[in-house]
Amino acid sequence: MTAASDLPVLAIDIGGTKIATAEVSGGSSIANRRQAPTPRTGRGDDLIAAIAELAQDGGFGAVAVATTGIVRDGALTALNPQTLPIEDGYPLASVIERAFGMPPLVVNDAQAAAWAEYTLGAGKGFRNFAFFTVSTGIGCGLVVDGRLQSGATGLAGHVGHTRSEPGGILCGCGRRGCLETVASGTALARLGSERLGRKVAAPDVFSAAAKGNGVATKIIAGAVDALVNGFADLTASVDVDCFAIGGGVGLAPGYIEALRVRSLDLPQVYRRPIVAAQAGADAGLLGAAMLARLRI
Ligand code: BMX
Ligand code: ZN
């Protein structure tokens, strides 16, 4: 009989824009990666239906889920329902267990990606490490003194919801002026659409800036400034050794360089290396699979 630890892990990544599934073997080898748009209906069961379409069932040693939102005792709640609308406390772990026949490991997407980067990517060798995904929302996973932080309620690392702009717009989490309202892909699309006078998505703001559009350049500079100050706040809180950046916006050409340049304006005491995440779009899948393996 094959031991559970010899079989691949079915890894599932639920983001605000897309859902991915893959089989992860031997720690970091990915096969059968599939992807589909996230059903943004607000119904958790529609997420499960989309996952069931993507993933085979059977032949796995474990099931691992990385998801946007707060994970507490296997239940999922959106901190910002604009990033993923879902009913509060959706029992993700028990519904996945019913669908796939085994209790899954469920973890926040940025926390999972931070673990992957810390273990085998950009965070290797650091004791205090932060991974930021700048995508639909802004996620952050924190490793402090070698331990992944999730907190008693799953909230640890939600730096996207620290205040960036006093008196700024209302965030979906209920606070005003969160970093996510200024620097996420959603924020860039909103600010771009407001200020460029046409409906645009985040990549359009980057291409307009690349063509020399001053309004687009200013929007991106504002986001970069907000993020770099978020890094400084976090450095002041837990003395982060290194920041790794992922996500569709974070990995846009020139973005990390812009963060580095802006960070040079910070007082020396707050400056830390800013590097690209190495696992790219697979970090959430890999990190969740690794955490599930630790449990087998
Ligand atoms: C939001 C929050 C985080 C998440 C981050 C990045 C929700 C639904 N999500 O701040 O939990 O890590 O977005 O999410 O409240 P992504 O979907 O952009 O990867
Ligand atoms: Zn918020």
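Predicted model: local features only at pLDDT ≥ 70, side-chain atom pairs only at ≥ 80, totals over all residues.
## Domain layout

## Extent of the interface

Where the two domains meet, 15 residues of domain 1 are in contact with 21 residues of domain 2. The area buried between domain 1 and domain 2 comes to about 1400 Å², and carbon and sulfur atoms give 58% of that area. On the side of domain 1, Leu-79, Ala-110 and Gln-111 supply 44% of the area buried against domain 2, which is more than any other three residues contribute.

## Polar and charged interactions

Which kinds of polar pairing cross the interface of domain 1 and domain 2? The rule finds 5 residue pairs in polar contact across the interface, with both residues of each pair at pLDDT 80 or more, whereas the count of salt bridges between domain 1 and domain 2 is 0.

## The side of domain 1 that touches domain 2

Two elements, strand 5 (70-72) and helix 3 (109-120), each give two or more residues to the side of domain 1 that touches domain 2. The largest share comes from strand 5, which provides 3 residues. Sorted by residue class, this side of domain 1 consists of 6 nonpolar, 8 polar and 1 charged residues.

Note on methods:
Residues numbered from 1 in each chain as written. Chains lettered and ligands numbered in written order. Heavy atoms only, no water. Contact = heavy atoms within 4.5 Å. Buried area = accessible area lost by both parts, 1.4 Å probe. Salt bridge = Lys/Arg side-chain N within 4 Å of Asp/Glu carboxyl O. Polar contact = N/O pair within 3.5 Å; in protein donor to acceptor, adjacent residues only side chain to side chain. Helix = DSSP H or I, 4+ residues; strand = E, 2+ residues; numbered from the N terminus. Nonpolar A, V, L, I, M, F, W, Y, C, P; charged D, E, K, R; others polar.
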